[in-house]
Amino acid sequence: MALSAEFRLVVWLALLGLGAVGRASAQVIRRPVPDKLIVLTFDDAAVSHATYVAPLLKKYRFGGTFFVCEFREPPFADKTKYMSWAQIRGLHRQGFEVASHTLTHQHVNKLSRPQLGAELDSIEARCRAWGIPRPTTFAYPGYDTHPTATALLPERGYLFARAGGARAYDPATDHPTLLPSFSISGPDTAKVLRAIRQARGGRIVILTVHGVPDVAHYWVTTPPTLFEQYLAYLHDHRYKVIALRDLARYVNVPEALRTLPPRYENLK
């Protein structure tokens, strides 16, 4: 049966649109994303990051990003719970990324633009004073996102910002300042392994870790024995483990910022 001219036009326009989407995706992806690509991120400046986590990462030759802040409660001055800035500088000197989690763990949806800018300024000043490069990545405290942050962060030179959402990151569709991640807190090993195995088909798995253990916030602790099991699994199954800043090897950030719309749903 012959196709009508109208139907052929609709099909042609649809194919043209798909082609445009494919070209846009190709411009965002700087190089092919390999399967088994994992980003390890660590929140809140827990002291176990320096004493336990970093030596393990060095053992396995893994990268990682440490999102630091200065909690007011329990107080950052309590060094049984939080790293000192000397220890944070030590992470940088070992080759790990030190990045921003605001100064005082403030949820960005409760901050004005000047208030968020002041929080960023404060962490950047701490880094400068301790000889640590200015942060270029950010993690949302409490996974709370807001348009104020997605506008301000790129203006200040931040490349990526990590939220939650328990899904894999798709560089072709996810805005660079709204990256989803999986939490590995708690004892559910099967959940964590299911998440890790989603690193395929152009998608990247970003893992959020708090203290190992977290003595300041027990509800987000990761048991040390399980954490080492996860690292061993990644090593034995030949996963590539990088810091968040290293995603710039694969993502054309300016093009992604220009072409990908921010989507705030499903990031908690």
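Guide: The questions and answers below concern a predicted model.

Visitor: How many residues of strand S1 (residues 37-43) are buried?

Guide: The two sides of S1 can be taken in turn. Leu37, Val39, Thr41 and Asp43 point one way from S1, Ile38, Leu40 and Phe42 point the other way, and all are buried. Strand S1 is therefore largely enclosed by the rest of the structure, and the count of buried residues is seven of the seven.

Visitor: Which residue of strand S7 (residues 205-209) stands opposite Phe42?

Guide: S1 and S7 run parallel and are joined by five bridges. Within S7, the residue opposite Phe42 is Val209.

Visitor: How many bridges link S2 to strand S3 (residues 97-100)?

Guide: Phe66 stands opposite Val98 in S3. Both faces of S3 are covered, with Glu97 and Ala99 buried on one side and Val98 and Ser100 buried on the other. S2 and S3 pair in the parallel sense, and the bridges number four.

Visitor: Is Thr65 buried or exposed, and what is its relative accessible area?

Guide: Thr65 is found in strand S2 (residues 65-68). Beyond residues up to four places away in sequence, Thr65 touches Leu40, Thr41, Phe42, Glu97, Ala99, Thr137, Ala243, Leu244 and Arg245. Thr65 counts as buried because the cut-off is under 20%, and its relative accessible area is 0%.

Visitor: How far apart in space are Cys69 and Pro141, C-alpha to C-alpha?

Guide: Cys69 lies in the loop between S2 and helix H3 (85-93), and it is buried, with a relative accessible area of 0%. Leaving aside neighbours within four places in sequence, its contacts include Asp44, Phe76, His101, His105 and Ile123. Cys69 and Pro141 are 72 residues apart in sequence, and their C-alpha separation is 9.6 Å.

Visitor: What is the phi of Asp44?

Guide: Asp44 lies in the loop between S1 and helix H2 (48-60). Asp44 is buried, with a relative accessible area of 4%. Its phi is positive although the residue is not a glycine, with a value near 85°.

Visitor: What is the phi of His105?

Guide: The place of His105 is the loop between S3 and H4. At a relative accessible area of 18%, His105 is buried. His105 is not a glycine, yet its phi is positive, at about 55°.

Visitor: What is omega for the peptide bond from Glu73 to Pro74?

Guide: Pro74 is found in the loop between S2 and H3. The peptide bond from Glu73 to Pro74 is cis, with omega near -10°.

Visitor: What is omega for the bond that joins Val212 and Pro213?

Guide: Pro213 is in the loop between S7 and H7. The peptide bond joining Val212 and Pro213 is cis, and omega is about 0°.

Visitor: How are helix H6 and helix H7 oriented relative to each other?

Guide: The axes of H6 (residues 189-196) and H7 (residues 224-236) come within 11 Å and cross at roughly 30°. Angles under 35 degrees count as roughly parallel, which means that H6 and H7 are roughly parallel.

Visitor: How many residues of the contact of H6 with H7 are nonpolar?

Guide: The crossing of H6 and H7 is right-handed. Thr189, Val192, Leu193 and Ile196 of H6 make the contact with Leu226, Tyr230, Tyr233 and Leu234 of H7. Of these residues, no charged one is present and one is polar, while the nonpolar ones number seven.

Technical notes:
Residues numbered from 1 in each chain as written. Predicted model: local features only at pLDDT ≥ 70, side-chain atom pairs only at ≥ 80, totals over all residues. Heavy atoms only, no water. Axes fitted to C-alpha atoms, helices over the stretch in contact; angles between N-to-C directions. Parallel < 35°, antiparallel > 145°, perpendicular 65-115°, else oblique. Left-handed = near helix turned anticlockwise from the far one by under 90°. Contact = heavy atoms within 4.5 Å. Nonpolar A, V, L, I, M, F, W, Y, C, P; charged D, E, K, R; others polar. Buried < 20%, exposed > 50% of the residue type's maximum accessible area, 1.4 Å probe, protein only. Pairing = 2+ DSSP bridges.
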